[in-house]
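I opened a two-chain model today and kept notes as I went.

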Amino acid sequence: MNNMSQEPKKVDRRKFIYAGLGAAIIIVGGAAIYFATKPPEVTTITSTISTTTTTTTTSISSTTIPTTTTVPTTTTVTQPTTTVTTITTSVAKPKGEITVPLHKPPWLTGFQSVISQYEKANEDAKVSLSSVANITELRDKQVADAINKTGLYDLYMLNQGMGASLLVLGGHTRKIRESDASYEKDPNLIYYGWTYRDNELTALPLNANNDLLYYRGDLFDEKGLKKPDTWDDVVNAAKTLHDPSKPVYGFIPRVADDPCYEWWHMLVSFGGKVFVDAEKGDFTIRVNDEHGLAATETFAELLKYAPPEPMAITQSDIMAYMATGKGAQTLTVYANSPWMDDPTTSIIPMKIQYATPPKGVGLPNCDYGPIDFGCFSLGVSSYAKNKELAYDFAKFCTSYDAQLTLAMMGVGPVRKDVASLPSLIANPKYRALKEQAEALKYMKSLPHIPELTYIHNPIGKTFVQKVVAERNPKDALNWFAEEIYKYLTGQGFKTSWTPLK
Amino acid sequence: MVQKKEAFASLASIVTLGLVVYPLFSLVNAAFYKIRIIKGELSVESVAPFANFYRVFSDTLFQTSAEVTIIFSLVSVIIQIPLGLLLAIAVANSKLKRLWISLFIISIILPPVSVALIWRFLVYPEIGLMDRLTSLLGFRIPWLGSMFWARILIIMVDTWHWTSFAFLIIYAGYVSLSSVPFEAARIDGASDIQTFRHITLPLLRPTIVVALFFRIIDVLQAFPEIWELTFGGPMYATTILNILVYIATFTLTDFSYAAVVALTLMLLTIGFVLTFNKMLKR
């Protein structure tokens, strides 16, 4: 149990010195061996611009994507072939290195492919991705970089839900004309309203990553359900398909992690708004009016058909539920669609179908509900160390080649010519793209004010969690309106709110 | 030799001044201004003295966070120290000392994020082992979905992760105790409980206080396990003061608020340290 007290041993200093010398020799020797055997960098120099031609043959006779789960057995689909044309140009390309922050979105692989494409086309350029843990940290680090003017990032990854308006309206992104005086807007591109400052464009679009409704086409066919068009259809389908014994859950909500996009889609689909008229400067809060109540009641209704503990469900969990066949429907970003068909990540490949985010019914101004909250643009930082290269890369990302690469890797393109490419749309693998092209027609934006990001998260996220925890839409909405009011008055806004009775 | 010591002491003082005193001064300074982001720009406004303190202390989020912090830290430590003591005594009297020590060390060397992810998988509804076990018994515990159970969960995770630390400190103290008083007690016919109560505990008191000291400081600074496990939720149920500082700084960008919370946390920690110091001297 107890040891007798012992006399302290005398320490032999020489042993420590020898141990330290030994460690130093190992470290220096290891480094020397590493650098001596490091393979030389490959420097193949070809200045190319790639163009793609696609040849696709398919035996699908109908031009509409079938909703059945059977894959046509005689379909022949070929991948687009790429021809590389070497051209010479007298314009010097910018060189050097730029840093772009990014979390780990579902479209990461597609973006990395675009970076590789760009670096091959411009061998003197390097685009480094600075990885952050999640999208909230992406916002926080970009805002910190902007406020402190540190110039850590050359490009800002702008997303309206996560601080785009703050960065743009705060003057932290350069106007496009400052980088390129001759820039003319491309009619093929979709430009987001929240990338403007003083009516001037300050960022170039990267992807169209709005939400789509994902649903199990096979289960719908079994039960004779039609493709959801309204939220009533979604609730009805959730009720019909919900079977915890299997388990199959009628609707998978996203609640735990940032951001909670779904409710915002519901709000706009029921004709709801955050403010009476933000564009005209009327910031009277109306998020808790009848439109907000209809949206929240629909959300609360769908929670009845959610998995146990919806409070724990993150975006990754949504993907897992759907890909393992446990989810009948969900609303999630376009970029999650490739995972649903990949046999290594999904046990139900080709069974998920897609629809435009549904519309509300029964109230004025109801419409389909896609919002550009989840979409991304690239803005050159006002404090970038390599502004020329940053702009060149951002512009490359809007090119046909880059957008086609993104589209083929399951990322929503911002080019209309790519989004409507017949060979892509006709391919069952890209059936989500067809719905995406449809959704883009109804795309809406939320108010373009810096404060929106904090209204969305943390206030909005806490509101959604309150709905989940208390299942009292009216109380939760009144709380939400009051919190927005308190926050905005603290920011110097003239605003008011009225409790919903 | 004496000059070398003075030189090193001066260098250490300069480094300390630069790395500790200056940031502390900035923190206190920030608590007396209103520093936040307005319309995308940093704004610094003068406010009445202590206006920020009033604003923060009257905020329900801060009040909830302070309450959670005190409960979390006290309950965690109250569980970990006696558990560490029991484990130390049990291991010291075991024949497989080295095996047990090796096993207990595993939890300490795991990175906090890994611990959080492991536990998140364990308690995840339907697929988590713990959830499945409780389902077999006919009930389910909403670990991540309930404010109450989320708080229990973070205490459990912290206890699992750091009890071994308390164990190691107490074990080291226990095995270095002289055997003379224990032999005398045995000869006098004292029972195990009497020996534990009247000899072991008093002799181990300084060691236990040291373990308490380290654990309370660590638990007040807990962040990665809680953040990765619950993100401070649901609805800020597990947002301790340390996490509130992060949220206030990076999410709310209200730097004055964060400064006040950080100062409060610092004073709380200093209070505990002084208390334990007094206990050590007694």
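My entries below go from the chains to their contacts, then to helices and backbone details.

**Entry 1: ground rules.** I am working with a predicted model, in which local features need pLDDT of at least 70, side-chain atom pairs count only at pLDDT 80 or more, and totals for chains, interfaces and linings use all residues. Residues are numbered from 1 along each chain as its sequence is written, while chains are lettered from A and ligands numbered from 1 in the order in which they are written.

**Entry 2: the chains.** I looked up the elements first, taking helices (H or I, at least four residues) and strands (E, at least two) as DSSP runs numbered from the N terminus. Chain A has 18 helices and 14 strands. Chain B has 12 helices and two strands, and I read their order from the N terminus as α-β-β-α-α-α-α-α-α-α-α-α-α-α. The C-alpha trace of chain B spans about 75 × 70 × 30 Å along its principal axes.

For burial I used C-beta atoms placed from the backbone: a residue is buried with 20 or more others within 10 Å of its own, exposed with 12 or fewer, and partly exposed in between. By that count 47% of the 501 residues of chain A are buried, and 32% of the 282 residues of chain B.

For contacts I required C-beta atoms, placed from the backbone, to lie within 7 Å. In chain A, 75% of the contacts with a separation of 6 or more join residues 24 or more positions apart. In chain B, 69% of the contacts between residues at least 6 apart join residues at least 24 apart.

**Entry 3: where the chains meet.** I found 30 residues of chain B in contact with 32 residues of chain A. On the chain B side, β1 (33-38), β2 (41-46) and α11 (241-251) each supply at least two residues, and α11(B) gives the largest share, three residues. I sorted by class, with Ala, Val, Leu, Ile, Met, Phe, Trp, Tyr, Cys and Pro as nonpolar, Asp, Glu, Lys and Arg as charged, and the others, Gly among them, as polar. That side of chain B has 17 nonpolar, nine polar and four charged residues.

**Entry 4: domains of chain A.** The assignment gives domain 1 (94-209 + 373-419) and domain 2 (212-369 + 444-490); such bounds come from an automatic or database domain assignment. Their centres, taken over C-alpha atoms, are 27 Å apart. I see 25 residues of domain 1 of chain A in contact with 21 residues of domain 2 of chain A.

**Entry 5: two helix pairs.** Axes here are lines fitted to C-alpha atoms, for helices over the stretch in contact, and angles run from 0 to 180 degrees between N-to-C directions. In chain B, the axes of α3 (residues 60-92) and α9 (residues 192-220) come within 10 Å and cross at roughly 145 degrees. The contact of α3(B) with α9(B) divides into 10 nonpolar, five polar and one charged residues.

**Entry 6: an enclosed helix.** How many of the nine residues of α10 (residues 315-323) of chain A are buried? I count seven, so α10(A) is largely enclosed by the rest of the structure. The buried residues of α10(A) pack against β9 (211-216), β12 (329-333), α11 (337-341) and β13 (352-355) of chain A. G325(A), which follows α10(A), has a positive phi near 80 degrees.

Entry 7: Most residues other than glycine have a negative phi, and most peptide bonds are trans. I went looking for departures from that.

- The bond from N457(A) to P458(A) is cis, with omega near 25 degrees, and P458(A) lies in helix α17 (residues 452-470) of chain A.
- The bond from G233(B) to P234(B) is cis, with omega near -5 degrees; P234(B) sits in the loop between α10 (224-230) and α11 of chain B.
- E309(A) has a positive phi near 60 degrees, and this residue is in the loop between α9 (290-303) and α10 of chain A.
- F50(B) has a positive phi of about 65 degrees, in the loop between β2 and α2 (51-57) of chain B.

F50(B) is exposed, with 12 other C-beta atoms within 10 Å.

How values were computed:
Two residues are in contact if their C-beta atoms, placed from the backbone, lie within 7 Å.
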